[in-house]
Amino acid sequence: MLKSTEGTTGISEPVNPVLSLYPNPVKDKVTIVLAQESEILIYNLNGQLHNHRQLNAGINIVDLSNMTAGVYIARIGAESFKLIKY
């Protein structure tokens, strides 16, 4: 273990803003619970952006009813999630 007399070592632990994302698979609306403000970017597997939205800290409901069924990648902050739409 390394100790510093400065109090900090310059290494910070990553913060995961996403507390939960449900349901998955999703039919129409997905609920995302965040610890802090972020944004969501939803891409298809070809890398095309299908949805982009700012999210608030707390509970967010994102309507995906206009998207076709398939597998998507949801990017929230630095995290990526596989999102299945049926």
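Predicted model: local features only at pLDDT ≥ 70, side-chain atom pairs only at ≥ 80, totals over all residues.
View 1. Across the protein chain, which has 86 residues, buried residues make up 29%.

**View 2. The hairpin of S3 and S4.** Strand S4, made up of residues 49-55, pairs with S3 in the antiparallel sense, and the pairing runs over six bridges. Within this pairing, Ile42 has Asn51 of S4 as its bridge partner. Four residues lie between the two strands of the hairpin, and Gly47 takes a positive phi near 90 degrees there.

**View 3. The pairing of S3 with S6.** Strand S6, which covers residues 70-76, is also joined to S3 in the antiparallel sense, here over five bridges. Two positions can be followed across this pairing: Leu41 has Arg75 in S6 as its bridge partner, while Asn44 stands opposite Tyr72 of S6. As a guide to reading such a view, side chains in a regular strand alternate between the two faces of the sheet.

**View 4. The open sheet of four strands.** The pairings of S3 belong to an open sheet in which four strands follow the order S4-S3-S6-S7, with antiparallel pairing. S4 and strand S7 (79-85) are the edge strands of this sheet, since each of them pairs on one side only. From one strand to the next, the twist averages 20 degrees.

**View 5. The protein chain as the setting for the close-ups.** The secondary structure of the protein chain consists of seven strands and zero helices, and along the sequence these elements follow the pattern β-β-β-β-β-β-β. Among the contacts in the protein chain with a separation of 6 or more, 43% are between residues 24 or more positions apart. The accessible surface of the chain comes to about 6000 Å², and carbon and sulfur atoms account for 52% of that area.

Note on methods:
Residues numbered from 1 in each chain as written. Heavy atoms only, no water. Buried < 20%, exposed > 50% of the residue type's maximum accessible area, 1.4 Å probe, protein only. Contact = heavy atoms within 4.5 Å. Areas by Shrake-Rupley, 256 points an atom, 1.4 Å probe, with all protein chains shown as cover. Pairing = 2+ DSSP bridges. Axes fitted to C-alpha atoms, helices over the stretch in contact; angles between N-to-C directions.
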